[in-house]
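Biologist: Please walk me through this model, starting with its domains.

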Amino acid sequence: MSVTTTSGQAKIPMLDLGAQYAVIRQEVRAALDGVLEAGQFILGPNVKALEQEVAAYCGTKFGIGLASGTDALILSLRAAGVMPGDEVIVPAFSYIATADTVSLLGAIPVFADVSENTFNLAAGQIERRITPRTKAIIAVHLFGQPADMDPILEIARRRSLAVIEDNAQAIGAAYKGRRAGSMGELGCLSFFPTKNLGAYGDAGMVVTDSLEKAARLRSLRGHGTTKNKYVSEEQGWNSRLDEVQAAILRVKLRHLNSWKTSRQANAARYSALLAGVPGITTPQTLPGAEHVYHQYTIRVSGSTTRDRVQKSLADQGIASMIYYPLPLHLQPMFAALGNKAGSLPVSERVANEVLSLPIYPELTAEQIERVAASVAAAARG
Ligand SMILES: Cc1ncc(COP(=O)(O)O)c(C=O)c1O
């Protein structure tokens, strides 16, 4: 792949994991050597240490390492007691895993609209969707910003529902002094390579304060076994985090706060440069929330079309992405649920307007200026 455009300017990708690796190479290689020499590859000392370190980082008592963020959601739903036929309230604007994990268990995802300002589940949309079959709410901290959790937790407490945080995108974010992932009963993390804390392969974790749920999750990830590896107490399956990934993640966790600070500084630069550009809305942060900018997602509206902005960026070798073009309630996968276009207007509107710009920690001020100038020029026509 060429690294320059035809005009000779360096391309700007969505993410530059090579630049990140150049900084942590020695540490990663030493950690890998340690695992290869020890010869234990599944649920060894690095997994145990990572579980404790990530739990401490998130402000919870326990961490349970799993094979992916998707598994973290599936097993959390199981641990929360979600059974076939139960309903789970989920935001309509998220990555598909937030909802297909619910349906995989035979439960029904009930979609609720999101807040126009934060893209996250709007608490005011929840209560009217609660029925006697509702078991849980999944609150997603989309793009690195926590959902407005206090009203969500209050509804859940009053209506006896479990709250699962889909914290795949927001490790290190905070809401009123509490870390994302520590506010509901179970917090689900993804360490997919592009995440703020990313493995070199698939990995995930659930964090929780509940001793009982931690034990259940450990059992579920190992075929439903508890004390005896060859006696299964309940239906489970294999969802293990391996030592190689855990060792790499422990290295990266040491850098996470500094990467977070760089992402936040990059976001502040973009927002200053894009302020007042017609048709562009920069990301808004909820009062009391700390946003960790897994994505820097603008909205493009009015006579400025998103296609025009994206094409102009692409012409200059600048990557951008539409996360996510189709809200969950309109996914073909859920057609049988009968959700109609127009039923969740905010999710549908933002899906038509969002555009994510490169925000990775290694971006330079000059690159940010190039991206912002290109967006502004396209927006002004
Ligand atoms: C919001 C959200 N939920 C769940 C997941 C699933 O995580 P994974 O890809 O590790 O299975 C992801 C990431 O891909 C995500 O962004």
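Predicted model: local features only at pLDDT ≥ 70, side-chain atom pairs only at ≥ 80, totals over all residues.

Biologist: Which element gives the largest share of the side of domain 1 that touches domain 2?

Modeller: The contact takes 34 residues from domain 1 and 28 residues from domain 2. On the domain 1 side, the elements that give two or more residues are H4, strand E3 (108–112), E6 and helix H7 (243–253). The largest share is three residues, and it comes from H4.

Biologist: How do the residues on that side of domain 1 divide into nonpolar, polar and charged?

Modeller: This is the side of domain 1 that touches domain 2, and domain 1 brings 34 residues to the contact. They divide into seven charged, nine polar and 18 nonpolar.

Biologist: Which helices give two or more residues to the shell around the ligand?

Modeller: The ligand is surrounded by 15 residues, and the closest are Ser68, Gly69, Thr70, Ala168 and Ser190. Two or more residues come from each of helix H3 (69–79) and helix H4 (97–104).

Biologist: How many residues of the shell around the ligand are charged?

Modeller: The shell has 15 residues. Five are nonpolar and eight are polar. The charged ones number two.

Biologist: In E7, which residue is the bridge partner of alanine 174?

Modeller: Strand E6 (residues 174–175) pairs with E7 in the antiparallel sense, over two bridges. Alanine 174 has its bridge partner in E7, and that partner is arginine 179.

Biologist: Why is the chain as compact as a globular protein of that length?

Modeller: The chain has eleven helices and 13 strands. The globule rule gives 21 Å for 381 residues, and the chain is close to that, so it is as compact as a globular protein of that length, with a radius of gyration of 21 Å.

Biologist: What percentage of the chain's residues count as buried?

Modeller: The C-alpha trace spans about 65 × 55 × 35 Å along its principal axes. Of the 381 residues, the buried share is 47%.

Notes:
Residues numbered from 1 in each chain as written. Pairing = 2+ DSSP bridges. Helix = DSSP H or I, 4+ residues; strand = E, 2+ residues; numbered from the N terminus. Rg over C-alpha atoms; globule rule 2.2 N^0.38 Å. Buried ≥ 20, exposed ≤ 12 C-beta atoms within 10 Å, placed from the backbone. Near = placed C-beta within 6 Å. Nonpolar A, V, L, I, M, F, W, Y, C, P; charged D, E, K, R; others polar. Contact = placed C-beta atoms within 7 Å.
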